[in-house]
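Me: Hey, I'm new to this one. Can you walk me through it?

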Amino acid sequence: MKFSEAWLREWVNPNVTTNELADQLSMAGLEVDAVEDVAAAFNGVVVGEVLTREQHPNADKLSVCTVDAGQDEMLQIICGAANVAAGLKVPVAIIGAVLPGDFKIKKAKLRGEASHGMICAASELGLLETSEGIMSLPIDAPIGMDFREYLSLNDKVIDVDLTPDRGDCLGLIGIAREVGVINQSPVTAPEIKPVAATINDTFSVRLDAPQACPRYLCRIIRNINATAETPLWMQERLRRSGLRSISPVVDVTNYVLLELGQPMHGFDLNKLDSEIVVRMAGQAEKLTLLDGQEIELREDTLLISDKQRPLAMAGIMGGEASGVTAETRDILFESAFFAPLAIAGKARSYGLHTDSSHRFERGVDPELQQKAMERATALLIEMAGGEPGPIVEALSTEHLVLPVAIQLRRNRVAQLLGVDVSDEQIVDILQRLDMQVVANDQGWMVTAPSCRFDISIEVDLIEEIGRIYGYANIPTNRTLSSMVMSSPPEAAFDLAKAKLLLVGRDYQEVITYSFIGPELQKQIDPNHQGITLANPISADMSVMRTSLWPGLLQTASYNQARQLERVRIFESGLRFIDIAGEISQEPMLAGLICGSQQQEQWGVAKLESVDFFDLKADLESVLDLTGEAEAFSFVADEHPTLHPGQSARVLYNGEAIGWVGMLHPEHEKKLGLLGNTFLFEIKLKAIEIGGLPAFEALSKYPSIKRDLAILVDKDITYQQVHDCIRRVAPSFLKDIRLFDVYTGDNIDPEVRSLALSLILQETSKTLSDQEVETAVTIVLNNLSTELKARLRD
């Protein structure tokens with residue numbers, strides 16, 4: 001939440017600096033994210049009045065203005081704004097002024113006419129990002145007064161990042177209460193008096209969903225001035241809180257939201273039909289929101305409706321059809337309490353997030369609605385006039401959650417905080433937090449104010465005491481405890497070592513969100529049903545990932561869109577699978593490569609693109625860390641995400657543990673990837689315990705190599721050939737190396753040639769030619785028997 005420091009100090013003004021104030025809030029659990037100036041640096045700007053405005057003799061779009069800026073003489077200023085007119089009070093940059101961006105104002109001639117200054121727009125002063133025309137000031141603005149002083153621009157904006165349990169501080173009233181308690185300073189809230197009804201008009205309310213909305217107030221105000229403007233002081237407070245001024249009715253509701261923390265809404269009375277009904281949405285009902293978006297409502301969504309149609313999503317956003325416009329003269333103000341559970345997650349499930357939903361999800365004071373209604377009524381009448389009717393309240397007392405008394409034990413405070421806080425301090429802290437305190441034998445019975453949804457048990461009260469007492473005032477005690485050291489099994493797979501290995505092979509580790517969009521989930525892993533979040537961050541992060549691939553693919557796409565075509569990344573993390581209604585969290589390791597094999601450099605004449613075998617080699621190097629390289633195999637298989645001709649299952653002792661392959665071209669196109677992309681993913685649980693290496697003495701006898709070129713059916717894989725040889729080869733066959741694969745001229749198109757090197761070596765003697773030939777013959781005979789392989793001529 002953003003707010004102006006000057007506004008806060010109108011409520012409570014402790015004798016502390018801005019930085020000290022920010023530190024106090026952070027130490028009290030209200031973390032300050034930023035403290036910023038409310039306006040960019042500029043000087044030499046004063047309040048002026050346009051006395052005359054004449055058409056420039058040499059330019060159709062320029063005006064020659066005579067301006068009284070409180071100087072020794074009137075100033076002639078050339079202005080290009082369409083809204084400049086005689087009688088306007090405006091900010092004027094006089095000669096010598098310096099505007100944001102170090103823009104210096106000098107005497108100039110524009111199309112032959114002298115200009116002695118500049119009439120400024122809000123954007124030129126850094127007050128708004130964009131603005132149309134010059135900035136107009138109230139008619140009572142004092143001529144010649146320094147503009148920064150006039151608007152109190154030597155102010156700071158404090159941005160507080162509140163935790164979800166502190167909804168009571170989503171209004172300036174809550175921040176002021178905290179500051180007052182911390183500094184033991186008095187809090188002076190603006191006086192809010194009941195506004196007497198001047199007409200008898202009312203609008204009936206019916207609560208059809210009292211559990212979700214136990215309190216609803218509304219009030220008719222007729223004959224407001226449709227041409228009225230929001231006063232500059234309110235516009236500035238809204239701007240400094242991150243909101244733009246729209247119209248008096250909308251600005252008043254936003255102001256009350258910022259000041260008291262109570263969201264409100266204004267309906268155009270003439271667009272409503274006889275009665276407000278608070279109910280749940282019907283099947284397939286639709287509503288066009290204020291932002292123009294039409295949504296189909298679910299039956300678990302709370303609505304504000306009249307007798308004919310939905311008017312608003314309760315606690316989220318109003319509807320376009322009943323919204324206030326520039327022609328609206330009669331309005332209906334709404335001020336309601338919606339139960340947090342009725343609103344929580346609803347906005348995000350529709351891809352929305354509003355200031356109202358942000359507050360109602362966290363809890364709004366159920367006793368605040370009447371005060372907010374009176375405050376909004378008084379402000380609107382002051383700004384735009386109008387005739388208020390009586391307040392109509394619909395109330396379901398049994399569904400209101402009332403604060404309960406909590407037993408606070410004296411000894412428990414000392415036990416949990418580790419410091420003795422006197423009874424007088426405890427009572428003072430709790431009472432200054434607006435809590436009711438009644439002493440008893442054990443300590444106190446404490447009742448929290450209705451705005452504090454986060455206080456329900458004894459430890460919550462003790463936390464409040466510690467927070468206000470000051471964490472810095474609580475001494476640090478180092479406790480002693482015994483620890484049992486444990487070491488991982490010697491044969492355990494070392495993930496940290498695997499990561500370093502991949503980094504050594506030019507990969508970079510990434511960390512992606514565990515939440516993805518449902519469309520991406522179905523596209524990349526249709527074999528698993530994604531687990532939908534009840535309260536997602538946004539619509540495109542509403543499903544728990546069932547694979548690490550979506551995050552890697554999004555990362556690759558993001559980088560390639562920024563001219564980084566060569567991407568080599570990996571990630572380790574959890575995937576989430578629904579197994580018979582239970583969520584299984586499986587640790588996975590996944591990688592992706594695309595682009596060229598090497599970085600561009602002078603020593604490589606032509607950069608080759610990565611292929612399936614580049615990724616397979618990287619994965620094999622990781623699997624080798626288990627100490628059981630021979631236990632892994634790759635079997636051609638089809639995966640819906642991968643290219644059917646370049647995908648394989650990864651097996652460990654015959655059990656499937658993952659996939660490796662090239663991304664299917666259709667997915668590649670949809671994700672906007674450039675060129676072929678290759679992926680792997682394996683289950684870490686399956687390889688967590690590998691094999692221990694065993695020492696084997698190096699042979700002092702020479703090795704012998706025999707090269708074979710065999711013809712096999714084109715559907716037979718090298719893995720099948722390798723396994724066939726291993727089954728019958730003698731123990732002195734140390735290695736099998738594939739060094740060539742050939743298809744083409746001079747051989748049958750239904751077969752291919754595999755060139756193999758057999759490395760033979762004994763540890764106790766030199767092998768004789770007869771032993772080598774016998775071994776080779778055994779290998780060839782088995783290849784012929786099992787795979788119908790034959791030597792190539």
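Reply: Start with Asp168 and Arg166, which are both buried (under 20% relative accessible area, with exposed meaning over 50% and partly exposed in between, using a 1.4 Å probe and protein chains only). They form a salt bridge with each other, the closest N and O atoms being 2.9 Å apart. A salt bridge here is a side-chain nitrogen of Lys or Arg within 4 Å of a carboxyl oxygen of Asp or Glu.

Me: Before we go on, where does the model come from?

Reply: It's a predicted model, where local features need pLDDT of at least 70, side-chain atom pairs count only at pLDDT 80 or more, and totals for chains, interfaces and linings use all residues. Residues are numbered from 1 along each chain as its sequence is written, and side-chain values use heavy atoms, with hydrogens and water left out.

Me: What is the mean pLDDT of the protein?

Reply: It's 92, and 100% of the residues reach 70 or more. pLDDT is the predictor's confidence in each residue, from 0 to 100. Helices (H or I, at least four residues) and strands (E, at least two) are DSSP runs, numbered from the N terminus.

Me: Back to salt bridges. How many does the structure hold?

Reply: There are 47. One of them joins the side chains of Glu10 and Arg237, at 2.6 Å from N to O. Glu10 sits in helix α1 (residues 5-11) and Arg237 in helix α5 (residues 232-240), so this pair ties together parts 227 residues apart in sequence.

Me: Is Arg237 buried or exposed?

Reply: Arg237 counts as buried because its relative accessibility is 15%.

Me: New topic. Where is Ser547 found?

Reply: Ser547 is in the loop between β30 (543-544) and α16 (549-560), and it's buried, with a relative accessible area of 4%.

Me: Which residues is Ser547 in contact with?

Reply: Leaving aside neighbours within four places in sequence, Ser547 is in contact with Asp525, Arg575 and Glu681; contact means heavy atoms within 4.5 Å. The side chains of Ser547 and Glu681 are joined by a polar contact of 2.9 Å. That term covers a pair of N or O atoms within 3.5 Å; within protein, one must be able to donate a hydrogen and the other to accept it, and residues adjacent in sequence count only if both atoms are side-chain atoms. A polar atom of the Ser547 side chain also lies 3.0 Å from the backbone nitrogen of Trp549.

Me: And helix α9, which residues are buried there?

Reply: In α9 (residues 355-362), the buried ones are Ser356, Ser357, Arg359, Phe360 and Glu361. Their cover includes α6 (248-260), β21 (331-337), α7 (340-343) and α8. Just after α9, Gly363 takes a positive phi of about 110 degrees.

Me: Last one: where is Glu666?

Reply: Glu666 is in helix α18 (residues 665-670), and it counts as exposed at 52% relative accessibility.
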